[in-house]
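Me: Let's go through this one together, starting with the charged pairs. Plain words, please.

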Amino acid sequence: MSDRLLSPTYRDIERAAQGLQGKAHQTPVMTSRMVNEITQAQVFFKCENLQKTGSFKFRGAYYTLSQLPESERKHGVIAYSSGNHAQAIALAGALLEIPTTLVMPENAPKVKFSATEGYGANIVTYDPTQTRRETLALQLAKEQNLTLIPPYDHPQIIAGQGTTAKELIEEVGDLDYLLVCCGGGGLLSGCAIAAKTLSPHCHVVGVEPALGDDATRSFYTQTLQTVNNPQTIADGARTPSLGNYTFPLVLRHVDQMVTVSENSIRRTLRFLWERLKLVVEPTGTLAAAALLEGQIQAPGAKIGVILSGGNVDLEQLPFLLAIVQ
C-alpha cells in the first residue's frame, strides 16, 4: 500500500481525539483586546504551551504509543528530538508503561533534557554537527529491537497533532485564517486537514523561521527542499525537511507559507510574555510572529493562531530576548 493511501484523513483525527479524551488537556483558547486592536482582526490563541509536557507534541506521542501492539510495547520505543517530542514520548511511555529511549542533541535546551530524563527515559546524546539523528536512531532501533517513533512523519503522529485545530474550531467556530508553526510539518499537516474539513474556506498558513525555510521553499517550488542544522533560536523548527507524509499533505491542504526573522521571533516572544502573560518558547511564537509582525494582514478576519509550546530554558532568556542588530 502506498504512502498516499496511508496518509491520515479527518476520520483519523476524530479517532485520535477519542483516544486522547481524558489523556491530553483540552487547552484553553485565549483572546486579547490589544492584539485585536493591533491587527484589526478577531484573534484566537490556542495555548498548546499549556498542554502536558508543555507542547502539542504530547497529543501525537500518546496517541501513537497507545495504538502499538503488545509485541512492540514490551520491547520499547525509540525517538529522536531536540526536546518537545522527546518529553512527549517519555511521558506517554511512562503513562502507558512502555520503555522509551530518546536520541537528543548535546545542545538540547536544558529544560527539555531535564524533563525528558525526569519522565524516566533512557537518553542517548549526539553531536548534531557530526551525526544525523535519524541514522543513529535507526541503528539503535535495529540493534535493540525498538520501534522507531519519528517526531512528525508518521500517520498517527499527524492525526494526533490535528486534534489541536479540531478543538480550536469546535470551540470558536469557523475561521477565516489559521496560522500554524512548521518544523517537519506534523502539526501543520494535521491542523490543515482538520481546518479544511471543519471550516472549508479557512486559509491555512504555515510559518517557519527564515533561517530554516526549507518547507517554504518546498511549498513554492513543489519540490522537496532541505536545510542543514539551521542556527535559529526556534530549536523546534531545525528539522532538515518535510517528510514523505507531511510534504504531500502540506501541498494538498495548506494555502500559504511565510517566514519570520529571528528578531521578529524575539519581539513576539517578549510581547507574549510581557503583555499577554503567556510563557511561550521561540518555536511556539512563529505563528503569532507572522501576524503581529505584519507578514499576515487580514483586517476584519477571524484568525486562529497556534501557540505550539512553552518549554523555555530560563538561563537562555537574556539571549532569546535580545534584539540582534
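**Charged pairs, sheets and loops**

Me: How are Asp12 and Arg15 separated in helix H2?

Reply: By about one helical turn: Asp12 and Arg15 are 3 residues apart in H2, which covers residues 10-20. Helices here are DSSP runs of H or I with at least four residues, strands are E runs of at least two, and both are numbered from the N terminus.

Me: And where do the numbers come from?

Reply: This is a predicted model, where local features need pLDDT of at least 70, side-chain atom pairs count only at pLDDT 80 or more, and totals for chains, interfaces and linings use all residues. Residues are numbered from 1 along each chain as its sequence is written, and side-chain values use heavy atoms, leaving out hydrogens and water.

Me: OK. What does Asp12 form with Arg15?

Reply: A salt bridge, with the closest N and O atoms 2.9 Å apart. The rule is a side-chain nitrogen of Lys or Arg within 4 Å of a carboxyl oxygen of Asp or Glu. An α-helix has 3.6 residues a turn, so residues three or four places apart point the same way.

Me: How many salt bridges does the count come to?

Reply: 16 by that rule.

Me: Which residue does Lys46 meet in a salt bridge?

Reply: Glu167, at 2.8 Å from N to O. Lys46 is in strand E2 (residues 42-47) and Glu167 in helix H9 (residues 155-172), so this pair ties together parts that are 121 residues apart in sequence.

Me: Is that pair buried or exposed?

Reply: Lys46 is buried, at 0% relative accessibility. Glu167 is buried too, with a relative accessible area of 14%.

Me: What about Glu167 and Arg59?

Reply: Those two form a salt bridge as well, the closest N and O atoms being 2.9 Å apart. Arg59 lies in helix H4 (residues 57-66) and Glu167 in H9, so that link ties parts 108 residues apart in sequence. Both Glu167 and Arg59 are buried. Through shared partners, salt bridges join Lys46, Glu48, Arg59 and Glu167 into one network.

Me: Switching to sheets. In what order do the 6 strands of the open sheet go?

Reply: E1-E2-E10-E7-E8-E9, with mixed pairing. Strands E1 (29-30) and E9 (256-260) are at the edges with a single partner strand each, so one side of each has no neighbour in the sheet. To count as a pair, two strands need at least two DSSP bridges between them.

Me: How do E1 and E2 run?

Reply: Antiparallel, joined by 2 bridges. Met30 stands opposite Phe45 in E2.

Me: Back to H9: which strands does it lie across?

Reply: E1, E2, E7 (177-181) and E10 (302-307), and H9 runs at about 135° to E2. Contact there means heavy atoms within 4.5 Å. Axes are lines fitted to C-alpha atoms, for helices over the stretch in contact, with angles from 0 to 180 degrees between N-to-C directions.

Me: And the sheet with 4 strands, what is its pairing?

Reply: Parallel: it is an open sheet in the order E5-E4-E3-E6. E5 (122-126) and E6 (147-148) stand at the edges, each with a single partner strand, so one side of each is left without a neighbour in the sheet. E3 (residues 77-80) pairs with E6 over 2 bridges, and Val77 stands opposite Thr147 in E6. Helix H6 (residues 84-96) lies across E3 and E4 (100-105), at about 165° to E4.

Me: Which loop is Glu97 in?

Reply: The one between H6 and E4. Glu97 has a positive phi of about 60° although it is not a glycine, and Glu97 is exposed at 73% relative accessible area. Thr53, in the loop between E2 and H4, also has a positive phi, near 65°, but Thr53 is buried at 8%.

Me: Last one: how many residues of H10 are buried?

Reply: 10 of 13, so to speak mostly covered. Among them are Gly186, Leu187, Cys191 and Ala195.

Methods: Buried < 20%, exposed > 50% of the residue type's maximum accessible area, 1.4 Å probe, protein only.
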